[in-house]
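User: Please take a close look at one part of this model, the nonpolar core and the helix packing around it. I would like one connected account.

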Amino acid sequence: MLARFRPTELFRVNILAVEELARYCTGYFMAALNLASATLAVFLSSACFVALNPSGFEARQAPGAPHVPVHVQRGDAVQEHYDDYTKRLHAYYESLVDALQSGAPELLPIVEPPNPLQHGYQILPNIVADPEPLARPPRGRSAQYSWPWTDHLIDRAASELGRSARALKRASSLEPKMRQMAYQQLAVRYRQIHEQQQNIDAHIQYNQLWQGAIAANRSKYESESVLHDRVLKHQEVLEVFNARYATALTSAHGTISQVVMTSLNEFSSGLIERKNRLAREIDAAKDLFYATPGYVRVEQQISNWIIHVPFYTDIQDDAFVQSAKRAMEDTWHLRSGEDDFRVQLHFSYVSPEHLYGTDKTPQNGERMNIRTHLDHFPADRAILTTGARTTHVDGRAIILGPHDIARGVLAHELGHVLGFRDAYFRGYKDLAEDGFQVLEIVADSNDIMGAPATGAVLRRHFEKLISVRRGQQ
Ligand SMILES: [Zn+2]
């Protein structure tokens with residue numbers, strides 16, 4: 001059971017008492033929050049964030065101080081375990097570099113950490129093509145995160161590190177040709193170990209963030225747990241139905257007779273009904289999280305529907321703004337039956353000098369407090385700006401980071417600005433002294449708000465926008 005986070009997975013970040021602080025739906029990265037400084041600090045990893053089903057490993061017992069919540073105690077123990085591992089990894093790295101310097105300097109670039117991408121004011125991402133669509137949408141799977149599982153990941157990484165360290169010792173006594181081969185393998189393996197470490201780090205930050213959020217608002221996450229379970233059930237019902245259909249098809253050698261089809265339909269009607277009921281419940285729950293922004297305007301010309309969204313931007317590179325506009329508008333365009341639905345974005349450039357007035361204007365490349373920056377924009381439009389560590393949405397603003405961003409991900413972010421939330425649910429299980437297990441599941445992989453890679457803008461998105469506006473008129 002391995003649920004691998006693809007480049008399109010989403011992370012919506014909430015924290016403690018502050019609802020909806022910001023949404024992180026990054027193309028490629030695990031986003032997390034730095035709780036200590038109470039400012040947004042996003043963890044970036046070139047590795048995919050890998051979530052595995054934690055079964056068949058032992059949980060560690062955390063020493064107990066009564067006044068500290070258990071999930072924090074357990075987290076502290078994991079952090080200690082991780083720090084220990086990181087020290088060993090660092091020592092190994094030094095001995096590997098020493099060995100390569102004297103024995104195979106041409107391999108050094110493999111083990112050198114890549115330069116992290118700089119982020120700051122006016123630093124823009126490349127907008128890249130969407131990945132090829134998958135032949136079949138991925139099965140909805142519950143991803144699970146917990147302290148015991150993170151501990152297990154550290155244990156596993158530590159054993160691998162031990163194996164590498166022993167191989168490095170052995171390599172020094174090999175004859176030159178074999179030694180060269182061993183060094184090559186070790187250099188490549190080090191890269192993998194380094195990526196693993198980033199993944200573990202992301203797990204730690206993820207657990208700190210979400211377990212804290214759960215502890216602070218149990219009832220919210222209890223209702224999300226119910227929705228999470230409903231999506232799983234929905235998936236199961238769908239699978240039973242598909243399996244029966246496939247069995248009927250196989251036993252009929254590829255063609256299903258009318259008689260078999262009729263009995264199959266009768267047999268499955270209960271299932272279909274259940275499936276539809278679950279789907280309606282899930283949709284209704286998703287609607288609960290819709291918030292209408294005041295700046296969205298709907299225009300109708302017979303069967304042409306245009307959703308107008310005015311934006312402020314302080315991005316000086318107009319060609320970039322135009323290509324971002326195209327990426328979002330192309331994705332938010334749907335012909336459905338007689339109807340043509342589209343979103344039209346209207347960008348107004350405001351210069352940094354105009355925004356900041358007598359305040360100090362940020363220099364290009366400067367790192368800045370995003371919240372303060374956003375406060376400089378007038379309140380009546382959406383915002384497209386720069387300066388984030390990783391692209392995310394905060395209220396009406398899309399704040400760009402430096403990493404490549406797929407067109408679909410950008411369009412997904414626009415979905416937030418239009419008022420849609422991420423189409424997935426995050427629930428939890430109480431693991432007693434092990435803290436919480438965080439559970440998350442994509443509600444609908446056909447929906448761009450659930451999965452930008454496999455999902456699309458759907459008719460119901462436009463219908464929602466139109467009906468909300470009508471309700472207000
Ligand atoms: Zn999102």
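This is a predicted model: local features need pLDDT of at least 70, side-chain atom pairs count only at pLDDT 80 or more; totals for chains, interfaces and linings use all residues.

Analyst: Two residues are taken to be in contact if their C-beta atoms, placed from the backbone, lie within 7 Å. Leaving aside residues up to four places away in sequence, L410 touches I127, A324, A327, M328 and I405.

L410 also belongs to the largest nonpolar core, which has 70 residues. Together with V309, M328, I398 and A411, L410 is among the residues with the most contacts inside this core. Helix α4, covering residues 176-216, supplies the largest share of the core, eight residues. Two domains each contribute at least three residues to this core: domain 1 (220-287) and domain 2 (297-425 + 442-472). Another core lies apart from this one; it has 11 residues, including L100, L168, Y183 and Y190. As a general point, nonpolar side chains in soluble globular proteins tend to be buried together.

Helix α7 (residues 318-331) packs against helix α10 (residues 407-417) at an angle of about 75°, and their axes are 8 Å apart. Because angles of 65 to 115 degrees count as roughly perpendicular, α7 is roughly perpendicular to α10. On the α7 side, the contact is made by A324, A327, M328 and T331. On the α10 side, R407, G408, L410, A411 and L414 take part.

Helix α1 (residues 70-103) and α4 pack at an angle of about 160°, with 10 Å between their axes. An angle over 145 degrees counts as roughly antiparallel, so α1 is roughly antiparallel to α4. The crossing of these two helices, α1 and α4, is left-handed.

The wider setting is as follows. The protein chain contains 11 helices and 16 strands, and buried residues make up 36% of its 473 residues. Among contacts between residues at least 6 apart in sequence, 72% join residues at least 24 apart.

R274 lies in helix α6 (residues 258-287). R274 counts as partly exposed because it has 17 C-beta neighbours inside 10 Å. The C-alpha atoms of R274 and K233 are 9.7 Å apart, although 41 residues separate the two along the chain.

Note on methods:
Residues are numbered from 1 along each chain as its sequence is written. Helices (H or I, at least four residues) and strands (E, at least two) are DSSP runs, numbered from the N terminus. A residue is buried if 20 or more other C-beta atoms lie within 10 Å of its own, exposed if 12 or fewer, and partly exposed in between; C-beta atoms are placed from the backbone. A nonpolar core is a set of buried Ala, Val, Leu, Ile, Met, Phe, Trp, Tyr and Cys residues joined through C-beta atoms within 7 Å. Domain bounds come from an automatic or database domain assignment. Axes are lines fitted to C-alpha atoms, for helices over the stretch in contact, and angles run from 0 to 180 degrees between N-to-C directions. Angles under 35 degrees count as roughly parallel, over 145 as roughly antiparallel, 65 to 115 as roughly perpendicular and the rest as oblique. A crossing is left-handed if the near helix is turned anticlockwise from the far one by less than a right angle, and right-handed if clockwise.
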